[in-house]
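User: I'd like to learn how to read a model like this one, feature by feature. Could you take me through it?

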Amino acid sequence: MENKVVLLEGKKIKKSFGGVHALKGVDFILNRGEVHALVGENGAGKSTLIKIFTGVVTPDEGNIFLNGKEVKIQNPLDAHLKGIVAVYQEPLVYPKLSVLENIFIGNEIRKKNGEVDWQAEEKKAKEIFKSLDIESDDFIQKPIGKLTTAIQQFTLIVKALNYNAEIIIFDEPTAILGDTDAQKLFRIIKLLCSAGKGVIYISHRLEELQNLADRITVMRDGEIVGSGNSIDMTREKIIELMAGKSIIEKIQRNNREAKKETILEVQNLSKYKVFENISFNLKKGEILGFAGLVGSGRSEVMEAIFGFTKYDKGNIFLEGKEIKINKVSDMINLGIIYLPESRKLGLLQNKSIFDNVGLSVFNRFLKALGFINNDSLYNSVRKYSDLLSIKAPSLFTNVETLSGGNQQKVLFSKGLIAQPKVLILDEPTHGIDVATKVDIHKLIAKLADDGISIIIVSSELSEIIALSDRVIVMHEGKITGTFEGDQITSLNLISAFVK
Amino acid sequence: MQLLKRRESMILFFIVALIIFFSIVTSGRFASYSNIIQILVNAVPIIISSIGMTMIIITAGIDVSAGSVVGLVGMTVSVLSLQGIWSPYDWIIGLLLGALLGFFNAILIWNLKIAPIIATLATMGIYRSLVFTVSGGRWAIGMPSLLLWIGSGTIFGIPFSIFLMVALIIYFIYFMARRVTGRNIYAIGNNIEAARTAGVPVGKTIFFIYTLAGMLYAISAFAILGRTGLAQSTMGTGFELEVIAAVVIGGTNILGGEGTIIGSLIGALLVAVIEDGIVLANIPPLLTDFVLGALILIAISIDVVIKRREIA
Amino acid sequence: MINSTNNVTINKDNSKKLDRKTNVISIIFLNRKFLLLLLFVIIYAFFAIFAHNFNTFQNIESIMIFSVEIGLLALGETLVITSGFGGIDLSVGSMVGLSAIIIGELIGKLGVNMWLAIIIGLLAGMGAGLFNGLMIVYAKIPPLLTTLATMYLYSSLALLISMDQYGNAMPISNFPSAYSIFGQLTILGIPLQFILFFVPITIILYLLVQKTIFGKHLLATGTDEIVAKLSGINVKNIRLWVYTISGLLAAIAALIETSRIASARPDLGSNMNLEAITISVLGGTYIFGGIADIIAVFIASVLVIVLDNGLFLIGVNTIWQTGALGFLLVGALILDLIIRKRSS
């Protein structure tokens with residue numbers, strides 16, 4: 001490749017979501033015919049950058065250039081028309097329609113009388129598939145919902161090419177593909193590049209990137225921390241860049257070192273195709289961190305422990321006694337509380353703080369005949385909302401009017417009012433301003449000191465490192481590492497969850 | 001053209017079985033030529049309306065105002081023709097009226113974002129009361145024969161309405177398979193967000209299907225008028241339920257995304273066969289509703305079971 | 001583990017009052033009850049002026065009588081819609097007919113003790129409602145289709161039960177005189193069914209939804225099923241209950257209606273479905289679930305009957321009642337849309 005032609009360029013792109021800086025001024029260049037890989041842990045800003053290029057969100061500041069000319073990408077349809085298409089892990093398709101239709105809906109080839117020209121469409125589709133070295137005869141007429149994810153992805157690629165896409169973005173495509181399909185995908189990507197397209201490829205599988213990518217860029221905390229030819233970016237270098245140099249301060253804790261008894265034990269928990277042989281134990285007053293990438297299965301493990309979903313095999317013991325049937329209401333009564341990762345899953349948006357905090361524990365505040373003892377419940381809710389300094393006009397305000405940080409505090413109150421023995425937190429400070437983050441971290445530490453055992457699932461390494469006594473790393477459904485004390489460093493953790 | 005899928009074959013088999021059953025029970029009267037024609041004639045209004053209803057349900061919508069539209073168009077056109085207004089073109093007024101009523105449904109659903117069930121429940125009531133305004137409470141009888149001819153005239157001994165129905169079916173099978181709007185209907189039912197991002201004109205398509213449905217209900221009204229020769233203010237009551245039953249039994253998924261005109265045709269035939277057979281076999285006609293209700297439940301249960309097997 | 005907070009020193013009275021006050025002021029603007037009451041006053045005044053014999057004791061009694069049957073159905077519909085998942089019950093009218101004919105046959109044809117027959121009739125209504133619930137919750141058939149099908153099923157079942165040997169539907173009329181207390185008795189001028197059935201049931205349902213754990217769980221289930229499940233709420237049970245209650249209320253409506261007209265016909269209630277749903281939506285019930293205002297539905301029931309009654313007295317044909325209902329429904333929905341747009 002002699003001359004590099006710049007296909008897509010982003011200059012000084014900034015984007016914030018409600019006070020949280022997702023992108024702090026990013027410069028990015030994609031050349032024609034190259035595969036440019038984007039690497040970084042969750043929250044580094046990769047997906048926000050992609051969302052800007054595909055028109056899902058618009059940047060607060062900064063410029064985008066396409067083939068040298070400045071453009072504004074208003075929405076996903078606009079991005080399509082400008083030739084930028086993204087293929088996600090879970091492909092967006094019309095499940096009951098055939099592969100052929102999925103390619104051409106919205107962009108049909110018509111005959112002179114206005115009707116759809118199926119023959120021409122089939123011919124063109126097969127041609128494009130062929131240019132990617134795929135034989136499409138046997139599946140092109142089948143409903144896409146019944147075909148493999150790989151074929152669905154290939155179909156979306158063909159659809160993109162049919163739209164004359166110049167830039168194709170892949171977001172972790174191989175996470176659910178088998179090896180053979182992954183290899184097919186790589187060949188296709190190589191073919192795309194030799195046809196002059198540009199590919200942005202997001203992945204954590206570093207070994208893939210060596211062969212596939214021409215250049216690799218590492219992001220952290222909304223900025224680009226390193227970029228270069230893939231030959232120069234070794235695995236060690238990438239991990240180092242992802243981890244960063246800053247030393248994360250561990251939060252003050254009492255009794256950090258003291259060994260305590262085991263309160264929760266999980267043995268060989270498995271769920272087909274989701275997670276496998278998860279075994280760990282949690283000690284009283286301990287903070288156990290679960291690190292890993294989004295999609296590694298951590299939330300799914302917690303949902304299974306909590307009784308929200310079923311698992312295929314395994315055993316769970318609380319304070320030495322086995323939990324045989326797991327229903328959410330039983331778990332709550334036993335003192336295991338799970339606060340889900342998105343506030344949307346944990347709170348009823350159009351209901352009040354009072355109704356939300358009390359939601360799991362109404363059965364503990366009853367008078368006769370199922371009537372709720374509003375007075376004593378109110379006192380309890382007040383106690384926790386004061387404890388957490390929730391800022392709201394009244395406890396009867398709807399939670400949707402509260403800031404993200406305050407909503408998270410409401411969610412916390414909901415968990416604490418249930419007097420948990422084990423508190424499982426999933427992304428407890430996701431999308432929250434720094435000040436509130438610190439408050440919540442201090443609270444978590446205090447809870448642990450007071451004897452509550454805590455599991456934190458988080459994609460923010462700094463959070464995990466600051467809080468955890470021990471860390472378990474999961475990757476693609478399995479436990480890939482356990483670390484304690486001084487061993488808990490960014491470097492170690494990241495090494496455990498990239499391949 | 002794709003082969004009939006398993007579901008439609010199953011129902012066809014069922015129909016054949018029923019025909020045999022009823023023939024035995026009625027000592028052959030059921031399978032007579034005149035009775036078969038009668039069944040088809042009775043099925044015509046349901047089949048024609050099921051075309052529009054199929055499209056609507058594919059997009060995960062529903063339209064329970066069908067019966068009221070039939071009544072309103074039927075009564076209006078009868079009254080007009082009796083008073084000699086616009087004859088012999090009063091059927092054009094009927095078509096336009098049906099289109100207008102359907103268009104109004106679309107406004108409620110698309111512009112006011114009212115859920116289809118609620119919107120069409122409301123218009124069901126509004127249109128039904130308008131029937132009375134138009135008729136003044138009287139029956140309409142003795143309409144000029146051109147109007148009735150659509151419903152009862154024959155060509156080579158076969159009623160015109162059957163030809164009309166066949167023509168419409170054939171056209172719309174073609175439409176759903178080969179016209180862009182037809183494919184867009186499926187796209188919307190499968191993944192409305194993807195359709196929107198792909199540039200499919202969702203709003204226009206919604207307006208299209210409800211307006212078209214209104215016109216098809218109008219044609220059904222003509223067919224019913226032709227068969228019965230009179231219009232009263234209860235005309236069309238309960239009609240929508242027959243149509244929805246035909247569509248659902250015929251394999252269109254109430255949650256949207258899939259369904260065929262042929263399937264609804266076969267579903268409607270099944271309904272008509274049952275209704276006719278029950279009367280002819282001296283089984284209490286009250287049993288018809290029971291059978292229809294049970295069939296709907298069975299049909300959907302089968303759908304659900306099949307779907308569960310697919311996911312697992 | 002009961003949480004005892006009696007020892008916590010909080011200036012409870014003041015802060016609670018402050019909480020409640022702020023709340024009331026913000027809600028008054030969007031309160032459906034007040035809107036309906038206003039509408040009620042306007043419509044009542046209108047008819048009092050323009051309709052003959054509208055504002056008489058006899059007519060008011062009549063309004064109360066007729067609001068009970070449809071009002072009970074509307075309340076049942078409200079619970080069902082509030083439970084979410086596309087909750088709706090198109091079979092309420094048929095359940096009325098079915099319960100009516102069961103009670104009628106038991107008393108009239110089989111000579112069963114009146115009270116026993118009533119109990120069986122109520123159980124039958126609950127059973128029909130439960131069947132709806134089971135299909136929806138376990139067979140996972142969408143409520144619209146399930147109740148569409150059972151609408152057919154139950155009405156034809158009712159007809160079948162009432163059939164004589166020639167296949168004709170025979171109404172039952174030989175009720176004992178004691179049976180008429182439910183639908184024909186008045187206490188101090190107020191119809192018994194209103195003061196002893198409609199009002200108490202409304203109050204019970206209001207308390208149920210607003211003040212009990214069941215109500216909190218129901219509102220949560222309709223608002224967001226996943227959040228509800230993650231909070232330990234048994235969503236399946238809640239749904240089974242609301243459909244069963246809908247059936248029970250239909251049976252009570254059947255009891256009252258058969259008592260009032262002193263006859264049981266299998267087609268009773270056959271055109272009450274639309275009205276029940278409309279009144280519920282008019283009363284502020286959100287079609288996607290999670291929001292319910294029982295008192296507003298009560299007011300809406302009376303309002304609609306006042307409207308029907310007034311139109312009748314003016315001399316407008318009864319068919320216009322349905323039309324007016326349709327317009328009211330659209331109006332209520334447009335209002336909902338405006339309110340929703342304003343708050344977002």
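User: Let's begin where two chains meet. How many residues of chain B are in contact with chain C?

Analyst: A general idea to start with: the size of an interface is often given as the accessible area lost when the parts come together. Here we can count residues instead, keeping in mind that this is a predicted model. In this model, 38 residues of chain B are in contact with 39 residues of chain C.

User: Which helices of chain B each supply at least two residues of the side that touches chain C?

Analyst: They are α5 (116-135), α11 (239-249) and α13 (287-311) of chain B. The largest share, 12 residues, comes from α5(B).

User: And how do the residues on that side of chain B divide into nonpolar, polar and charged?

Analyst: The side of chain B that touches chain C has 28 nonpolar residues, 7 polar ones and 3 charged ones.

User: Can we zoom in on one residue there? Where is B:Leu287 found?

Analyst: B:Leu287 is in helix α13 of chain B. Setting aside neighbours within four places in sequence, B:Leu287 is in contact with B:Ile278 and C:Ser156. The C-alpha atoms of B:Leu287 and B:Glu275 are separated by 9.2 Å, and these two residues are 12 residues apart along the chain.

User: Why does B:Leu287 count as partly exposed?

Analyst: It comes down to a neighbour count: B:Leu287 counts as partly exposed because it has 16 C-beta neighbours inside 10 Å. The partly exposed class lies between the cut-offs of 12 or fewer for exposed and 20 or more for buried.

User: Now chain B as a whole. What does its secondary structure come to?

Analyst: Chain B has 13 helices and 4 strands. Its radius of gyration is 19 Å, close to the 20 Å that the globule rule gives for 312 residues, so chain B is as compact as a globular protein of that length. Along the principal axes, its C-alpha atoms fill a box of roughly 60 × 50 × 35 Å. Of the 312 residues of chain B, 54% count as buried. Among its contacts between residues at least 6 apart in sequence, 78% join residues at least 24 apart.

User: What would you tell me about chain C?

Analyst: Chain C has 14 helices and 2 strands. Of its 344 residues, 54% count as buried.

User: How do I read two helices packed against each other?

Analyst: Two packed helices are described by the angle between their axes and the distance between the axes. Take helix α5 (residues 114-137) and helix α6 (residues 143-162) of chain C: they pack at an angle of about 145°, with their axes 9 Å apart. The crossing of α5(C) with α6(C) is right-handed.

User: Which residues of α5(C) and α6(C) meet?

Analyst: From α5(C) come C:Ala128, C:Phe131, C:Asn132, C:Met135 and C:Ile136, and they meet C:Pro143, C:Thr146, C:Thr147, C:Thr150 and C:Tyr154 of α6(C). By class, this contact has 6 nonpolar, 4 polar and no charged residues.

User: On to the strands. In what order do the 4 strands of the open sheet in chain A lie?

Analyst: The order is β12-β11-β14-β15 (chain A), and the pairing is antiparallel. The edge strands are β12 (275-283) and β15 (321-322) of chain A, each pairing on one side only. Helix α9 (residues 298-306) of chain A packs on the sheet, where it touches β11, β12 and β14 of chain A; its direction makes about 110° with that of β11(A).

User: Over how many bridges does β11(A) pair with β14(A) and with β12(A)?

Analyst: Strand β11 (residues 262-271) and strand β14 (residues 313-318) of chain A pair over 5 bridges. One bridge partner to look for is A:Asn315 in β14(A), which goes with A:Gln267. β11(A) and β12(A) pair over 6 bridges, and A:Thr262 stands opposite A:Lys283 in β12(A).

User: Last one: what should I make of a positive phi?

Analyst: Most residues other than glycine have a negative phi. In the hairpin of β11(A) and β12(A), with 3 residues between the strands, A:Lys273 takes a positive phi near 70°. A:Asp133 has a positive phi of about 70°, and its place is in the loop between α4 (118-131) and α5 (149-162) of chain A. With 11 C-beta neighbours inside 10 Å, A:Asp133 counts as exposed. For B:Lys113, phi is near 55°; this residue lies in the loop between α4 (90-111) and α5 of chain B. B:Lys113 counts as partly exposed, with 13 C-beta neighbours inside 10 Å.

Definitions and conventions: Residues are numbered from 1 along each chain as its sequence is written. Chains are lettered from A and ligands numbered from 1 in the order in which they are written. This is a predicted model: local features need pLDDT of at least 70, side-chain atom pairs count only at pLDDT 80 or more; totals for chains, interfaces and linings use all residues. Two residues are in contact if their C-beta atoms, placed from the backbone, lie within 7 Å. Ala, Val, Leu, Ile, Met, Phe, Trp, Tyr, Cys and Pro count as nonpolar, Asp, Glu, Lys and Arg as charged, and the others, Gly among them, as polar. Axes are lines fitted to C-alpha atoms, for helices over the stretch in contact, and angles run from 0 to 180 degrees between N-to-C directions. A crossing is left-handed if the near helix is turned anticlockwise from the far one by less than a right angle, and right-handed if clockwise. Two strands pair if DSSP finds at least two bridges between them. The radius of gyration is taken over C-alpha atoms; the globule rule is 2.2 Å times the number of residues to the power 0.38.
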